[in-house]
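Hi there,

Here is the structure I promised to pass along.

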Amino acid sequence: MMSLRALFILFALLFQVSISVKGQEFSGAEQTIKKLNELVKKELSSPDSISVLTDQLEKLSKEQSNTRGLLYSRFFRGVALLQMELTDSSVNVLTRVLDDISKEERDSSLLYSRVMLILGNSYYQKSDYKNALYYYQQVKKETDRVGREETTYSVDYNIGLLHLLMKEFDLAYEYLTKARGQYKELLPSAQARLWAAFGTYYSQLTQLDSAAFYYRKGMKKHKENGDLRGVAHGFNNLAIVAYQQGNVEEAIVGFESALEVRLQLGNKRNISDGYYNIGLLYAGQGRYDKAINSYRNGLNEIKGIGSLITERDLLFELADAFERTKQIDSAYKYLSEWRIMNDSLLEINKKKEILALEKEFQTAQLEKDAQLAEKEIELKTAQRNVLLLSFGGFLLLAIIVFYLLRLRYKRNIALSEKEKLLAEKQSALTMKELSLKQDEMANYTSQLSHKTELLEELRGRLNEKADTKTGTERADVDRMAESIVSNLFEEKNWISFKIQFEKAYPKFLDKLLDRSEALSANDQRLATLIKVNLSNKEIAQVLNISSDSVAKAKYRLRQKMGFDHFAALENYISKI
């Protein structure tokens, strides 16, 4: 039988559909299906072109009441959505198509396998490797079941790539080698990606010369195909290998070459990643001016497209580079923006973890309710049987009553176990929330200490400048220094700190005052800073006092609380 070919645009997906019309001419809908099949076989087919033909197919199928045409229109809609990187939408559409494929359609065409192939690649693009692997394996089972092998080698390639990403190197090599055996049958884009996959395999094994060899081989093939995205990936991979080999200048050239290609493609996220990588290499060489310029370019590209993690990382690197070049004002500006972004991400992650715990709690509750419902059904069944058999005599009635009592006892035990399980889940949820609040408190304290240190350094520099000024200029500098001092000692900072602290360590201050009612507000502040494990130096920075003053304050606190040694005080504070 002649081997059939087709393309999955991103990951070497090859497929083709045979359309049988039993000797009749194609209807309008079937002709459009044929056109779409021809279009998606092209190496770089446009999602817009596919969408236009898909709209036409859907309209014709509705007019002709052609259910097969409607099924295919939704399939090609999923293909176009994936090409536009709208992976969630692609998964939703294709999952519904999979559910609606009839047994007749499943046995008479390749549509069933094709839908699963693209579903697998959709999950791959979402980095959901577990689901991607599941659908690829289902395709292999389906092609074996119906005796077709048109898609087998493309799935072997994708399964090999997944095992590689999951660090399962033996399985990865096995499947990639199977795909390599079909090399001549692969489309040119799939051939290029196969060489790149072998490059990644050897890179993971730190066999860097072999990795570079295959990356170059893959990039050469991408250039022959005119695939700019593949060329950019090739430059990027070779740059990483060069960096691993210690060739930093060669790595910079590689990342810059990848960036040049990505600028032509216009993908802002990839462009921003390129600037970020180049900036890191420049910073590693101590060339901070070039690093700052690269980070700023990356930040300009990433703003407004929703990639918060990359934006946060760029802000932090900018703050660090400015601090290293003694540009304190700029460092403080970017550090403040980083703090706001980081707090936002922490809040998002915290909500996700809490929602996951709540979902787990609700699932356990539903499972327990289902078990209790089954017990209730069993009990009702037993009660009905008792009524039917109650005429069997006194002895039989006594046995049945005993049985019912035993069932009721078991149900009570089940209820008790459910309540215990729910209590354990609730306790776990509460402890997780408390842990998250304590992590948030530690992050807040670190930021407060760093802010104080920056402001102290800035005040010191202003005081040095004040000594060289006279008249109005000196007065202006003095006012700036006084403004910084007032910022250091603002009471609202302590109020904000206390609010965050009491969320993380509820009832701490109440227990502290139960031990000694003579503690002043300053004593309580000192105790909270000891609780969050700040060193004497850090406490001195936060309170703006000397280290000697911190030691004296700790001595007074120890006396008021009645401890002979400071270690006993620290031990007490750590446990409440």
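Let me begin with aspartate 514, which is exposed because its relative accessible area is 67%; here buried means under 20% relative accessible area, exposed over 50%, and partly exposed in between (1.4 Å probe, protein chains only). Before going further, please note that this is a predicted model, in which local features need pLDDT of at least 70 and side-chain atom pairs count only at pLDDT 80 or more, while totals for chains, interfaces and linings use all residues. Residues are numbered from 1 along each chain as its sequence is written, and side-chain values use heavy atoms, with hydrogens and water left out.

Aspartate 514 sits in helix 21 (residues 508–515); helices are DSSP runs of H or I with at least four residues, numbered from the N terminus. Together with Glu502, Asp510 and Glu517, Asp514 forms a negative surface patch. Patches are built from residues with over 30% relative accessible area and no salt bridge, with like charges joined within 9 Å and nonpolar side chains (Val, Leu, Ile, Met, Phe, Trp, Tyr) within 5 Å. Asp and Glu count as negative, and Lys and Arg as positive; His and the chain ends are not counted. The place of a charge is taken as CG of Asp, CD of Glu, NZ of Lys or CZ of Arg, and the accessible areas come from the Shrake-Rupley method with a 1.4 Å probe.

Now to the salt bridges. Side chains of opposite charge can pair when their charged atoms come close. The rule used is a side-chain nitrogen of Lys or Arg within 4 Å of a carboxyl oxygen of Asp or Glu, and it gives 16 salt bridges. One of them joins glutamate 58 and arginine 77, at 2.8 Å from N to O. Since glutamate 58 lies in helix 2 (residues 47–64) and arginine 77 in helix 3, this pair ties together parts that are 19 residues apart in sequence. Glutamate 58 is partly exposed at 26% relative accessibility, and arginine 77 is partly exposed at 24%. Both belong to a network of salt bridges that links Asp55, Glu58, Lys62 and Arg77.

Helix 17 (residues 328–389) holds lysine 333 and glutamate 337, 4 residues apart, about one turn of the helix. Their closest N and O atoms are 3.0 Å apart in a salt bridge. Arginine 339 and aspartate 343 also lie in helix 17, 4 residues apart, and their side chains meet in a salt bridge at 3.6 Å, N to O. Arginine 339 counts as partly exposed at 34% relative accessibility, as does aspartate 343 at 29%.

What about the aromatic rings? There are 21 aromatic pairs, where rings of Phe, Tyr and Trp (its six-membered ring) pair if their centres lie within 6.5 Å; planes under 30 degrees apart count as stacked, over 60 as edge-to-face and the rest as tilted. Tyrosine 72 and phenylalanine 76 make a tilted pair, because their ring centres are 6.3 Å apart and their planes are at 40°. Both lie in helix 3 (residues 67–83), and both are buried. The rings of phenylalanine 501 and phenylalanine 508 are 5.3 Å apart between centres with planes at 75°, so this pair is edge-to-face. Phenylalanine 501 is buried at 1% relative accessible area, and phenylalanine 508 is buried, also at 1%. Finally, one aromatic cluster is made of Tyr173, Tyr183, Trp195, Phe198, Tyr201, Tyr202, Phe213 and Tyr214.

Terms used: Helix = DSSP H or I, 4+ residues; strand = E, 2+ residues; numbered from the N terminus.
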